[in-house]
Amino acid sequence: MSSTDLVSTPVVLRGARPYGEGEPVDLRVDEGRITAIGPVDSLDTTGAEIVEAAGLIVLPGFVDLHTHLREPGREDAETIDTGSASAALGGYTAVFAMANTDPVADNAVLVEHVWRRGREVGLVDVHPVGAVTVGLAGERLAELGGMAASQAGVRMFSDDGLCVADPLLMRRALEYSSTLGATIAQHAEEPRLTVGAQAHEGEHAALLGLAGWPAAAEESIVARDCLLAHHTGGRLHVCHVSTAGTVEVLRWARASLSGLRGPAASGRRGRVSAEVTPHHLLLTDDRLSTYDPVNKVNPPLRTESDTLALRSALAEGVIDCVATDHAPHAPQDKDCEWAAARPGMLGLETALSVVVETMVNTGLLDWRGVARVMSERPAELVGLTDQGRPIAVGEPASLTLVDPTAHWTVRGTESASLADNTPFEGMRLPARVVATMLRGRFTAQDGKVLG
Ligand SMILES: NC(=O)N[C@@H](CC(=O)O)C(=O)O
Ligand SMILES: [Zn+2]
Ligand SMILES: [Zn+2]
């Protein structure tokens with residue numbers, strides 16, 4: 001039995017505001033579900049642990065469609081255990097673990113192993129993402145059916161880290177996965193346009209003499225794949241959208257290719273969804289001047305006008321959700337010269353604060369909107385039925401308590417992740433996750449992980 005199945009003590013959360021709206025309420029949780037919601041001090045507290053939550057906001061637990069947990073293969077950078085702890089501290093109750101491990105998660109045995117290990121740790125639901133192609137080699141399709149039918153019930157496939165560049169293979173992947181009700185998450189990067197690329201192709205890369213990664217390398221693949229999704233009826237999810245041009249392509253695809261939007265259209269005419277990372281919402285390529293590889297990421301940090309376009313697209317729903325692309329790296333892979341460093345940034349513990357800084361404090365999203373982009377929409381995209389649910393009686397108690405008035409200073413060394421490659425080091429950010437509850441049991445409280 002996994003620790004998440006243990007019967008938990010009843011809890012009454014006292015005085016929090018669901019979605020930051022209306023009057024504070026008390027919310028009672030028994031055996032993993034919300035059993036009562038009422039005015040403060042109106043509920044039966046018999047046998048319950050009372051948790052004071054005045055001034056806090058309660059949201060549905062966050063769902064991350066894009067996490068790198070590095071196990072198996074790079075347990076020196078992250079493990080399912082440490083990555084789950086980081087997720088719980090960040091307010092997450094479910095994460096999708098990318099397949100670019102060593103060995104690659106391209107078969108039923110491996111995805112079941114990751115899934116089972118996630119259950120044993122029990123801090124967050126770990127859903128393995130299966131590779132699209134065998135060994136991420138981009139040559140032949142992996143056994144998608146076997147992974148979907150395994151205990152792990154894989155519902156998302158991705159070669160993330162690499163692009164499924166061959167259009168015929170991408171077509172076949174979309175066709176095959178649609179019969180499984182699964183989604184292909186594409187790392188959109190035309191490899192011929194990014195040979196040796198080190199940074200966003202623009203003014204800063206030119207000044208520093210770094211080989212450029214042009215926006216068109218992303219946009220051309222996104223355009224191609226939207227057409228293929230339309231043609232095949234497959235479900236496409238675009239990973240880490242980073243450019244204003246990609247936003248325009250998504251807008252066009254949704255407006256002109258009928259059937260690309262909304263659950264009603266899923267299945268027959270194809271469907272396209274997209275995510276943006278917190279770092280692409282906040283950071284720009286002017287950070288490159290320090291040559292600090294902590295700023296190296298794929299796709300690269302872009303320009304300010306890109307960040308602004310990404311923010312509006314997220315607010316409007318052209319980009320569906322926030323996904324962290326939490327990419328821990330061991331010190332020897334980051335504390336080295338720029339060209340040798342691996343791309344990737346930590347993200348799980350800072351995601352909410354960066355979303356508040358870029359989306360809430362700018363007036364682009366309210367807390368209801370935060371629930372939509374960090375929990376409800378990602379859960380819906382992959383068909384999770386017990387995550388991203390309304391905060392209502394009878395629903396699973398997978399919840400995140402947030403202090404909207406807190407400020408904190410990011411320190412990589414204080415994170416639960418094994419790695420410390422946060423690009424937000426030393427930044428003072430707004431809002432803090434105070435507690436995370438997975439099916440009625442606290443997984444994190446006041447910055448501590450509860451195992
Ligand atoms: N984002 C990154 O820069 N790196 C990711 C791979 C990826 O998401 O493409 C990683 O696995 O480290
Ligand atoms: Zn990627
Ligand atoms: Zn990734």
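**Exercise 1. Determine whether aspartate 325 is buried or exposed, and describe its surroundings.**

Step 1. Aspartate 325 counts as buried because it has 29 C-beta neighbours inside 10 Å. The cut-offs are these: 20 or more other C-beta atoms within 10 Å of a residue's own make it buried, 12 or fewer make it exposed, and anything in between makes it partly exposed, with C-beta atoms placed from the backbone.

The structure is a predicted model, in which local features need pLDDT of at least 70, side-chain atom pairs count only at pLDDT 80 or more, and totals for chains, interfaces and linings use all residues. Residues are numbered from 1 along each chain as its sequence is written, while chains are lettered from A and ligands numbered from 1 in the order in which they are written.

Step 2. Aspartate 325 sits in the loop between strand E15 (321-322) and helix H10 (331-334). Helices (H or I, at least four residues) and strands (E, at least two) are DSSP runs, numbered from the N terminus.

Step 3. Leaving aside residues up to four places away in sequence, aspartate 325 touches His66, His240, Thr277 and Gly347. Contact means that the C-beta atoms of two residues, placed from the backbone, lie within 7 Å.

Step 4. UniProt, in an unreviewed entry, gives Asp325 the feature "active site". UniProt positions follow the numbering used here, feature names are shortened, and annotations may be inferred rather than shown by experiment.

**Exercise 2. Locate the residues that UniProt annotates as "binding site" and examine how they are placed.**

Step 1. One "binding site" annotation of the unreviewed entry covers His66, His68, Asp160 and Asp325. These residues are spread over 260 residues of sequence but cluster in space, with a largest C-alpha distance of 9.8 Å.

Step 2. Another annotation with this name, also from the unreviewed entry, covers Asp160, His187 and His240. They span 81 residues in sequence, yet no two of their C-alpha atoms are more than 10.1 Å apart, so they gather at one spot.

Step 3. Aspartate 160 lies in the loop between strand E9 (156-157) and helix H4 (167-179). It is buried, with 26 other C-beta atoms within 10 Å. Its contacts beyond four places in sequence are Met98, Asn100, Ala185, His187 and Cys239.

Step 4. Histidine 187 is in the loop between strand E10 (183-186) and strand E11 (199-200), and counts as buried with 23 C-beta neighbours inside 10 Å. Among the residues that histidine 187 touches are Asp160, Gly161 and Cys239.

**Exercise 3. List the residues around ligand 1 and sort them by class.**

Step 1. Ligand 1 is surrounded by His68, Asn100, Asp160, Gly161, His187, Val297, Asn298, Asp325, Ala327, Arg342, Pro343 and Gly344. A residue is near a molecule if its C-beta atom, placed from the backbone, lies within 6 Å of it.

Step 2. The shell around ligand 1 has three nonpolar, six polar and three charged residues. Ala, Val, Leu, Ile, Met, Phe, Trp, Tyr, Cys and Pro count as nonpolar, Asp, Glu, Lys and Arg as charged, and the others, Gly among them, as polar.

**Exercise 4. Describe how domain 1 and domain 2 meet.**

Step 1. The protein is divided into domain 1 (3-58 + 394-399 + 407-415 + 428-449) and domain 2 (63-381), with bounds from an automatic or database domain assignment. Their centres, taken over C-alpha atoms, are separated by 29 Å.

Step 2. The contact takes 20 residues from domain 1 and 24 residues from domain 2. On the domain 1 side, strand E17 (428-438) and strand E18 (441-445) are the elements that give two or more residues, and E17 has the largest share, six residues.
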